[in-house]
Amino acid sequence: MTELLEARSLTAVAGGKLLVDGVSLSLTPGERLAIVGPNGAGKTTLLRMLCGALRPASGEVRLAGRRLDRITQGERALSMAVVGQADQPDPRVTLIDYVELGRVPHIGIRRKREDRDIVVDALRRTGLLPLLCRTIGSLSGGERERAQLARAMGRSQKSCSSTNRPTISIRAPAATFSTLSRTSA
């Protein structure tokens, strides 16, 4: 099976300190990977290199066989979704609009019925469908994190999604976590 995401000998250095040292990995569609370790071990740095937000000091990342540094940000947005540690959306935005904004790389500013269906499905799979008209500011912390997951799931239907600390405060249906791997299948 073809690798969806592959990293070869990734190294990151900041301020003369080695943060990530020669990490290699590969993921095929449907596989899950957990990166665990103590604070300051380089987990976030590794994730940032894997999604192209940080250029490695050495090594390379490939997305579906293509070097990530040779893929435009627009192309990456069609194939990859990232849920970071500190997303701060405008609290006045409704939940459905927030999740739908994840579809922008696919649809631009024009909405299509199938895109709305994808968004509604992501909200359903994260248990947020009953809250679709609520504003982001009215959601609990756990609901906001589930909204981030729904946005990533809606953006990246058949590709790669990554989350940084996806379960810290989430009390979501168990189906949410199985869905994370299904989005890349």
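Where pLDDT is low, the predicted coordinates should not be read in detail. Over the protein, the average pLDDT is 80, and 79% of the residues score at least 70.

The protein contains seven helices and six strands. Read from the N terminus on, its elements follow the order β-β-α-β-β-α-β-α-α-α-α-β-α. Of its 185 residues, 38% count as buried. The accessible surface comes to about 10,200 Å², and carbon and sulfur atoms account for 52% of this area. Among contacts between residues at least 6 apart in sequence, 67% join residues at least 24 apart.

Four strands form an open sheet, with antiparallel pairing and the order E2-E1-E3-E4. Strand E2 (17–27) and E4 are the edge strands, each pairing on one side only. E1 and E2 run antiparallel and are joined by seven bridges. Within this pair, Ala12 stands opposite Val20 of E2. The two strands form a hairpin with two residues between them, in which Gly15 takes a positive phi near 55°.

Strand E1 (residues 5–14) is also joined to strand E3 (residues 58–63), in this case by five bridges, and the two run antiparallel. Ala7 has Val61 of E3 as its bridge partner. E3 in turn pairs with strand E4 (residues 66–67) in the antiparallel sense, over two bridges. Here Arg62 stands opposite Arg67 of E4. E3 and E4 make a hairpin with two residues between them, and Ala64 in its turn has a positive phi of about 50°.

Helix H1 (residues 43–50) is mostly covered, with six of its eight residues buried. The buried residues are Lys43, Thr45, Leu46, Leu47, Met49 and Leu50. An α-helix has 3.6 residues a turn, so residues three or four places apart point the same way. After H1 comes Gly52, which has a positive phi near 90°.

Helix H5 (residues 113–125) has 13 residues, which at 1.5 Å a residue should span 18 Å; the C-alpha atoms at its ends are 18 Å apart, in agreement with that value. The buried residues in H5 include Asp115 and Arg125, together with Ile118, Val119, Ala122 and Leu123. H5 is followed by Gly127, where phi is positive and near 75°.

Met153 lies in helix H6 (residues 141–155). Because its relative accessible area is 0%, under the 20% cut-off, Met153 counts as buried. Val104 belongs to helix H4 (residues 104–107). Its relative accessibility is 37%, so Val104 falls between the cut-offs of 20% and 50% and counts as partly exposed.

A disulfide is a covalent bond between the sulfur atoms of two cysteines. With the requirement that the sulfur atoms lie within 2.5 Å, the count comes to zero disulfides. Cys51 has a relative accessible area of 16%, which is under 20%, and therefore counts as buried. Cys133, in contrast, has a relative accessible area of 65%, which is over 50%, so Cys133 counts as exposed.

How values were computed:
Residues numbered from 1 in each chain as written. Predicted model: local features only at pLDDT ≥ 70, side-chain atom pairs only at ≥ 80, totals over all residues. Heavy atoms only, no water. Buried < 20%, exposed > 50% of the residue type's maximum accessible area, 1.4 Å probe, protein only. pLDDT = per-residue confidence, 0-100. Expected span 1.5 Å × (residues − 1). Pairing = 2+ DSSP bridges. Contact = heavy atoms within 4.5 Å. Areas by Shrake-Rupley, 256 points an atom, 1.4 Å probe, with all protein chains shown as cover.
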